[in-house]
Amino acid sequence: MRDIARIEKWAHDRNIIEGSTRQAQLCKLIEEVGELATAINKQRPADVVDAIGDCAVVLTILAVQSQTTLEACIDRAYLEIKDRKGRMVDGVFIREE
């Protein structure tokens with residue numbers, strides 16, 4: 001994912017990865033998720049796209065600070081969900097036990 005590598009370089013160049021903490025980035029992620037919630041609730045499609053991108057940037061930084069990559073985290077998550085079975089209940093996927 002070329003864009004993720006560019007985000008990592010951008011964050012390194014600005015000393016965000018080494019100069020910040022995972023706790024600070026977690027707070028930033030919560031802020032960005034709040035902006036995403038607002039954009040969804042106010043039905044602002046362009047702001048939804050922007051907020052999702054901002055969340056991805058912060059998650060990329062958190063991954064590097066945790067000695068991994070966003071790609072590795074996504075791969076691991078996919079391996080956990082790929083065979084899940086379940087059903088939708090009121091718009092929420094409920095997995096089988």
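Is G34 buried, partly exposed or exposed? At 34% relative accessibility, G34 counts as partly exposed; the classes are buried, under 20% relative accessible area, exposed, over 50%, and partly exposed in between, computed with a 1.4 Å probe on protein chains only.

This is a predicted model, in which local features need pLDDT of at least 70 and side-chain atom pairs count only at pLDDT 80 or more, while totals for chains, interfaces and linings use all residues. Residues are numbered from 1 along each chain as its sequence is written, and side-chain values use heavy atoms, with hydrogens and water left out.

**View 1. G34 in helix α3.** G34 is found in helix α3. Helices (H or I, at least four residues) and strands (E, at least two) are DSSP runs, numbered from the N terminus. G34 and E71 lie 37 residues apart in sequence, and their C-alpha atoms are 24 Å apart in space.

View 2. A salt bridge is a side-chain nitrogen of Lys or Arg within 4 Å of a carboxyl oxygen of Asp or Glu. Side chains of opposite charge can pair when their charged atoms come close. K28 meets E31 in a salt bridge of 3.5 Å, N to O. Helix α3 covers residues 22–41, and K28 and E31 are three residues apart in this helix, so about one helical turn separates them. K28 also forms a salt bridge with E32, where the closest N and O atoms are 3.4 Å apart. E32 and K28 are four residues apart in helix α3, about one turn of the helix. K28 has a relative accessible area of 32% and is partly exposed. E31, at 42% relative accessibility, counts as partly exposed, whereas E32, at 6%, counts as buried.

View 3. The side chains of D13 and K9 form a salt bridge, 2.7 Å from N to O. R2, D3 and R6 are linked in a network of salt bridges. By the rule given above, the count comes to seven salt bridges.

**View 4. The hairpin of β1 and β2.** Strand β1 (residues 86–89) pairs with strand β2 (residues 92–95) in the antiparallel sense, over four bridges. Two strands pair if DSSP finds at least two bridges between them. M88 stands opposite F93 in β2. The hairpin has two residues between the strands, and D90 takes a positive phi near 50°. In a regular strand the side chains alternate between the two faces of the sheet.

**View 5. Cysteines C27 and C73, with C55 as the closest cysteine of each.** A disulfide is a covalent bond between the sulfur atoms of two cysteines. The rule used here is a pair of cysteine sulfur atoms within 2.5 Å. How many disulfides does a search of the whole structure find? The search finds zero. The closest cysteine sulfur to that of C27 is in C55, 14 Å away, which is too far for a bond. For C73 the closest cysteine sulfur is also in C55, at 15 Å, again too far for a bond. C27 counts as exposed, at 51% relative accessibility, and C73 is partly exposed, with a relative accessible area of 36%.
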